[in-house]
Amino acid sequence: MKSYDVAVIGSGPGGYVAAIRCAQLGMSTAIIEKYSTLGGTCLNVGCIPSKALLASSHHYEEATKHFEDHGIEIPGEIKVNLEKMIARKQAVVDQTTGGVDFLMKKNNIDVYEGLGSFIDATHIKIEGKDAGEIEAKHTIIATGSKPSNLPFIELDKERVITSTEALKLKEIPKHLMIIGGGVIGLELGQVYRRLGAEVTVIEYMDRILPTMDASLSKELNKVFKKAKFKMMVSHKVQSVERKGEEVIIKAENKKGEVVEFKGDYCLVSVGRRPYTDGLNAEAAGVKINDRGQVEVNDHLQTSASNIYAIGDVIKGAMLAHKAEEEGVFVAETLAGQKPHIDYNLIPGVVYTWPEVAAVGKTEEELKEAGVAYKVGQFPMRALGRARAGGDIDGFVKIIADKSTDEVLGIHMIGARCADLIAEAVVAMEYRASAEDISRMSHAHPTYAEAMKEAALAATDDRALHV
């Protein structure tokens with residue numbers, strides 16, 4: 001039986017990053033993955049493939065709707081080759097997961113393919129291709145999450161599908177109905193709307209993106225309605241039934257009336273659940289709570305002192321970059337270092353177009369906490385760069401403490417916001433005031449100028465370009 005300082009169960013962004021950092025710090029490390037490719041949900045059936053399809057569908061929309069405005073004329077009909085688009089997506093996935101393979105070899109990390117389960121707190125059984133047992137002084141649980149479902153919905157994975165199936169459809173839906181107006185549903189909905197599908201989003205809450213600042217939800221809703229999405233908020237789904245190639249959804253609206261929706265595909269996108277199936281956590285003394293999450297303390301240590309857990313399988317936002325930070329945190333803790341994570345400063349991003357991004361507190365959270373604050377907001381359409389590129393939807397909004405001017409939250413929607421949010425995180429990590437940001441030089445013309453202008457707006461309402 002081979003022994004290691006650290007074994008990592010799960011090879012998603014949290015798991016493989018944890019393994020790399022452990023190896024960098026001189027620990028003998030193994031990683032156990034039940035699938036034949038590394039990278040977990042994110043690289044295989046999540047972040048990476050969805051972004052590939054978003055990119056491809058964005059190019060198609062630009063060619064069909066916007067090229068002419070730029071003086072670009074393409075003779076003949078522009079067509080979608082969905083099979084080729086899906087194949088390109090898979091090539092991107094293969095290249096990315098192959099990169100993780102390379103990193104494991106580079107860092108001398110032993111990879112075991114198979115289902116890892118605890119025999120006890122220091123021994124792990126592997127069932128699958130690399131069947132056997134290993135011993136580990138410490139173990140990091142990084143088993144991630146799976147798509148959630150509603151108890152009355154039968155997922156046939158043909159017409160009633162999850163995000164996994166939505167990434168490899170063989171045809172463009174005529175009418176794609178999406179249950180859930182969160183990140184995943186909206187991103188995949190935009191992919192297929194661009195390609196010609198009718199799209200209806202059915203959301204239980206009174207707005208899409210219900211966990212983000214309400215102003216972002218309102219702006220994205222406006223953009224999506226302009227793109228002819230049907231946005232049905234405050235609708236409680238009661239049943240989903242498939243009849244041949246048709247799917248029928250019945251839902252109760254806020255008036256208490258039962259309404260019916262019919263389409264050829266239904267994407268169930270109601271969040272994700274922690275995945276611990278087959279882990280046999282109890283054999284190692286690891287407690288799992290009523291929500292299916294592995295319980296951890298502030299050091300991400302489970303009820304078994306030598307076992308840690310990170311990522312989607314524990315409390316907090318289910319984000320790949322959160323899992324990565326936690327993976328590094330545990331590795332450095334095991335090495336005797338004193339790492340730190342500020343969970344308030346982990347950004348959230350929606351990769352629709354316009355992109356949506358946020359970090360820190362929302363207005364709703366600050367109101368509930370009774371914090372006195374001020375707001376500075378600047379529209380993207382007032383930027384020269386936005387007009388030059390034709391991407392004028394959206395804004396940057398900065399919320400600062402009313403008395404100290406410290407930035408408490410930054411919320412943005414517009415072109416390049418997924419990248420622009422990094423400036424917001426840096427500013428808040430160093431406890432910048434709105435005035436600090438307003439006094440920094442921002443290159444012209446850029447989308448980043450909206451950050452400076454929003455900061456100026458929050459500082460005595462003195463934005464320059466509105």
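Reply: Start with axes. An axis is a line fitted to C-alpha atoms, for helices over the stretch in contact, and angles run from 0 to 180 degrees between N-to-C directions. Helices (H or I, at least four residues) and strands (E, at least two) are DSSP runs, numbered from the N terminus. This is a predicted model, where local features need pLDDT of at least 70, side-chain atom pairs count only at pLDDT 80 or more, and totals for chains, interfaces and linings use all residues. Residues are numbered from 1 along each chain as its sequence is written, and side-chain values use heavy atoms, with hydrogens and water left out.

Me: At what angle do helix H3 and helix H4 cross?

Reply: Roughly 140°, with the axes of H3 (residues 47-66) and H4 (residues 82-106) coming within 9 Å. Angles under 35 degrees count as roughly parallel, over 145 as roughly antiparallel, 65 to 115 as roughly perpendicular and the rest as oblique. H3 and H4 are therefore oblique to each other. Handedness comes next: a crossing is left-handed if the near helix is turned anticlockwise from the far one by less than a right angle, and right-handed if clockwise. For H3 and H4 the crossing is right-handed.

Me: Which residues of H3 and H4 make the contact?

Reply: Contact means heavy atoms within 4.5 Å. H3 supplies Ile48, Pro49, Ala52, Leu53, Ser56 and Ser57, and H4 supplies Met85, Ile86, Arg88, Lys89, Val92, Val93 and Thr96. For classes, Ala, Val, Leu, Ile, Met, Phe, Trp, Tyr, Cys and Pro count as nonpolar, Asp, Glu, Lys and Arg as charged, and the others, Gly among them, as polar. The contact of H3 with H4 has eight nonpolar, three polar and two charged residues.

Me: How does H3 pack with helix H6?

Reply: The angle is about 35°, and the axes of H3 and H6 (residues 183-194) are 9 Å apart. The crossing of H3 and H6 is left-handed. Among the contact residues are Leu53 and Ser57 of H3 and Val191 of H6. By class, the contact of H3 with H6 holds four nonpolar, four polar and four charged residues.

Me: What about helix H1 and helix H8?

Reply: The axes of H1 (residues 13-24) and H8 (residues 320-334) come within 7 Å and cross at roughly 30°. H1 and H8 are therefore roughly parallel to each other. Their crossing is right-handed. The residues that meet include Gly14 and Val17 in H1 and Gly327 and Ala331 in H8.

Me: Which side chain makes a polar contact with Glu363?

Reply: A polar contact is a pair of N or O atoms within 3.5 Å; within protein, one must be able to donate a hydrogen and the other to accept it, and residues adjacent in sequence count only if both atoms are side-chain atoms. Here the partner is the side chain of Tyr373, at 2.5 Å. Glu363 lies in helix H9 (residues 363-369) and is buried at 16%.

Key:
Buried < 20%, exposed > 50% of the residue type's maximum accessible area, 1.4 Å probe, protein only.
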